[in-house]
Amino acid sequence: MPLSAQTRADFARRTALALLDIHAVEVAGERPFILSSGVASPVYINVRKVISFPAIREELMGFASRVIEAEIGHDRIDAIAGAETAGIPFAAWIAASTGLPLQYVRKRAQGFGPEAHIEGVWEPGQRVLLVEDLTTDGASKLRFCEALRAAGLVVNDVFMLFQYDIFPQTRAAMQRSDIRLHALATWKDILDVAQAHDRFTPENRATIAAFLHDPLAWSAAHGGARSLAF
Ligand SMILES: O=P(O)(O)OC[C@H]1O[C@H](OP(=O)(O)OP(=O)(O)O)[C@H](O)[C@@H]1O
Ligand SMILES: O=C(O)c1cc(=O)[nH]c(=O)[nH]1
């Protein structure tokens with residue numbers, strides 16, 4: 001069933017509030033975080049914390065099911081693939097609630113051949129939904145999809161709880177690879193909810209805003225990567 005813009009926005013707001021409530025939005029001390037892309041950041045979103053809060057994870061997995069049905073359609077998915085590491089528990093809950101088979105895809109091949117990245121049982125041609133906790137620039141998503149495709153699986157959609165949605169390069173790269181990203185919330189939602197609930201100090205808010213405005217410039221000025229790998 002389609003989701004109204006209002007319902008989608010409500011899911012985003014409640015996801016952002018949940019992440020703030022469980023202190024998943026972590027502000028760096030003196031030294032910035034270095035993200036998996038090599039980008040230096042004053043802030044880190046630890047979506048993994050969600051797994052330890054049963055009521056919150058149940059609420060967010062409920063949103064996930066509604067978004068997946070509305071934006072992809074459960075009848076267009078043959079299996080759920082969790083991305084190592086943080087994507088795996090969320091993928092398992094989605095597989096359990098949909099009754100679909102579960103696989104997981106490794107960051108690095110373990111062994112040889114097209115099977116080396118994937119655990120579980122699959123058939124070439126199966127339509128797979130890749131599930132992750134979070135997307136920053138999307139480089140890991142491209143690698144996971146490449147590994148799934150190399151094994152003969154069909155993957156065009158990735159679901160995640162949180163997406164940075166701050167790099168224009170990500171949108172272009174996903175389009176080139178025919179991949180659609182579906183996230184419950186983005187940085188815009190965190191900023192809106194944090195403002196409404198007074199969750200950041202003025203100093204932290206200013207630092208985060210400076211980073212989000214020009215992440216690569218902020219990164220370069222703080223010892224991190226100056227460009228993305230794609
Ligand atoms: O590259 P992107 O597509 O933007 O996604 C960012 C990645 O960073 C995290 O993984 P990380 O390897 O740091 O940790 P994990 O092993 O806990 O998943 C997260 O789980 C994403 O996979
Ligand atoms: O890009 C990453 O590595 C990354 C960023 C972030 O905010 N959270 C996370 O778990 N990984």
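Guide: A polar contact is a pair of N or O atoms within 3.5 Å. The model here is a predicted one.

Visitor: Where is D137, and is D137 buried or exposed?

Guide: D137 sits in the loop between β8 and α4 (139-150). Its relative accessibility is 7%; buried means under 20%, so D137 counts as buried.

Visitor: Which residues is D137 in contact with, leaving aside its neighbours within four places in sequence?

Guide: They are S37, F167, T170, L228 and F230. Each has heavy atoms within 4.5 Å of D137, which is what contact means.

Visitor: Which residues does UniProt list for "binding site"?

Guide: The unreviewed UniProt entry lists R106, K107, E132, D133, L134, T135, T136, D137, G138, A139 and S140. From this set, T135 and T136 belong to the lining of the largest cavity.

Visitor: Why is E132 called buried?

Guide: E132 has 5% relative accessibility, and the limit for buried is under 20%, so the word applies to E132. This residue lies in strand β8 (residues 127-135). Beyond its neighbours within four places in sequence, E132 is in contact with A83, G87, K141, F144, F159, M160 and L161. With K141 there is also a side-chain to side-chain polar contact, at 3.2 Å.

Visitor: What makes D157 count as buried?

Guide: Its relative accessibility is 11%. Since buried means under 20%, D157 counts as buried. D157 is placed in strand β9 (residues 154-163). Not counting residues up to four places away in sequence, D157 touches I72, V128, L129, L130, R180 and H182.

Visitor: How do you know that D157 and R180 make a polar contact?

Guide: Their side chains are joined at 3.1 Å, and a polar contact needs a pair of N or O atoms within 3.5 Å.

Visitor: Why is α1 called roughly perpendicular to α6?

Guide: The axes of α1 (residues 5-21) and α6 (residues 187-196) cross at roughly 70° and come within 9 Å. Angles of 65 to 115 degrees count as roughly perpendicular, so α1 is described that way relative to α6.

Visitor: Which residues meet between α1 and α6?

Guide: A12, R13, A16, L17, L19 and L20 in α1 meet D189, I190, V193 and A194 in α6.

Note on methods:
Residues are numbered from 1 along each chain as its sequence is written. Chains are lettered from A and ligands numbered from 1 in the order in which they are written. This is a predicted model: local features need pLDDT of at least 70, side-chain atom pairs count only at pLDDT 80 or more; totals for chains, interfaces and linings use all residues. Side-chain values use heavy atoms; hydrogens and water are left out. UniProt positions are given in the numbering used here, feature names are shortened, and annotations may be inferred rather than shown by experiment. On a 1 Å grid over the protein atoms alone, a cavity is a set of points where a 1.4 Å probe fits but cannot get out, and a pocket is an open set with protein on both sides within 12 Å along at least five of seven lines; lining residues have an atom within 4 Å of a point. Helices (H or I, at least four residues) and strands (E, at least two) are DSSP runs, numbered from the N terminus. Buried means under 20% relative accessible area, exposed over 50%, partly exposed in between (1.4 Å probe, protein chains only). A polar contact is a pair of N or O atoms within 3.5 Å; within protein, one must be able to donate a hydrogen and the other to accept it, and residues adjacent in sequence count only if both atoms are side-chain atoms. Axes are lines fitted to C-alpha atoms, for helices over the stretch in contact, and angles run from 0 to 180 degrees between N-to-C directions. Angles under 35 degrees count as roughly parallel, over 145 as roughly antiparallel, 65 to 115 as roughly perpendicular and the rest as oblique.
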